[in-house]
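Hi,

Here is the structure I said I'd pass along.

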Amino acid sequence: MARSTKVAAATSAARKPKAASEFRTGIKRADFVSAFARGLDLIRAFDADHPRLSIATAADATGMNRAAARRFLLTLAELGYARGEGEMFELTPKVLELGHSYLSTWRVTDLVRPGLQSVVDALRENCSMGVLDGQDVVYIARAEARRIVQSAIISVGSRIPATVSSMGRMLLAGRGEAFVEDFLKRYPLRASTNVTVTDRGAYLDILARVREQGWCLVDGEFEEGLRSLAVPITDADGSVIAAINVGAPTSRATAQDMVEQFLPHLQEASRSISQALQLAGRSNIEGSLSLGGPR
């Protein structure tokens, strides 16, 4: 499926009129601002593979008509969040203010960075923290080991499908069965590599095992040649509110290495970060992040 078709399909729910029962927060239809939702759709249409969009491409990617896409792009440019050159538009650094507003509200750097850095110092591999937002895991903090780990470019703000991510599976395992069932109905399992688990029964068994053992190892299911290990971040009640992970190429660490050598460091960082967030009263991470219902 072409990228534009995927994006349009993923965002169409935000544009269609909904019954009150379909809104995640239970708000009235009259209180939902569809134009604002479409504007957010348009911002998300820009990515590493498509840093510049024409009016026609933006319209195709979001499912808007061209006149609407043009108005949204011109508005973003007027507010300084985009710049236009003829028919082509690109985002400006001012867009980072939107993410900074979220991150600064709970002092992510001060509270999380020491724990992530402790893993990097011990293992010399990148360590990240993410939360569940719609169908994706969103990276909200990261400590770099300055080594090439994977071909995909990962940074704060990056999104990865939760079903194939070690952090995503950890987060899903921390939710109730009803949530997972609804999640998989909304976002069916799809293969990213030739070893990705796409059988629903087998996938539910994996989540059950992750829930029981308290950690998740994904071996080549998101990207060939990459292993990733994740553990949960919890609130004072033990509920999973985020996850942290460490990834390494298969050439540098076997699955056994990840469990025997990496896991203890990751678990220690998890305890440290969980405690820091609890003491600071910053446990409602996912609730603060979400800008709408599942996308």
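At roughly what angle do the axes of helix H8 and helix H9 cross? Bear in mind that this is a predicted model. The answer is roughly 140°, with the axes of H8 (residues 177-186) and H9 (residues 200-213) coming within 12 Å. Angles over 145 degrees would count as roughly antiparallel, so this pair is oblique instead. The crossing of H8 and H9 is right-handed.

As for who touches whom, Val 180, Glu 181, Leu 184 and Lys 185 on the H8 side meet Arg 200, Tyr 203, Leu 204 and Leu 207 on the H9 side. Sorted by class, that contact has five nonpolar and three charged residues, and no polar ones.

Now the salt bridges: there are 12 in the structure. Here are a few.

- Glu 90 pairs with Arg 52, with 3.7 Å between the closest N and O atoms. Glu 90 sits in strand E3 and Arg 52 in strand E1, so the bridge ties together parts 38 residues apart in sequence. Glu 90 is partly exposed at 24% relative accessibility, and Arg 52 is partly exposed too, at 37%.
- Arg 252 and Glu 125 meet at 2.8 Å, N to O. Both lie in loops, and the pair links parts that are 127 residues apart in sequence. Arg 252 is partly exposed at 31%, whereas Glu 125 is buried at 3%.
- Arg 159 and Asp 133 meet at 3.0 Å, N to O. Strand E6 holds Arg 159 and strand E4 holds Asp 133, so this pair ties together parts 26 residues apart in sequence. Shared partners also join Arg 52, Arg 83 and Glu 90 into one salt-bridge network.

Cheers

Notes. Residues are numbered from 1 along each chain as its sequence is written. This is a predicted model: local features need pLDDT of at least 70, side-chain atom pairs count only at pLDDT 80 or more; totals for chains, interfaces and linings use all residues. Side-chain values use heavy atoms; hydrogens and water are left out. Axes are lines fitted to C-alpha atoms, for helices over the stretch in contact, and angles run from 0 to 180 degrees between N-to-C directions. Helices (H or I, at least four residues) and strands (E, at least two) are DSSP runs, numbered from the N terminus. Angles under 35 degrees count as roughly parallel, over 145 as roughly antiparallel, 65 to 115 as roughly perpendicular and the rest as oblique. A crossing is left-handed if the near helix is turned anticlockwise from the far one by less than a right angle, and right-handed if clockwise. Contact means heavy atoms within 4.5 Å. Ala, Val, Leu, Ile, Met, Phe, Trp, Tyr, Cys and Pro count as nonpolar, Asp, Glu, Lys and Arg as charged, and the others, Gly among them, as polar. A salt bridge is a side-chain nitrogen of Lys or Arg within 4 Å of a carboxyl oxygen of Asp or Glu. Buried means under 20% relative accessible area, exposed over 50%, partly exposed in between (1.4 Å probe, protein chains only).
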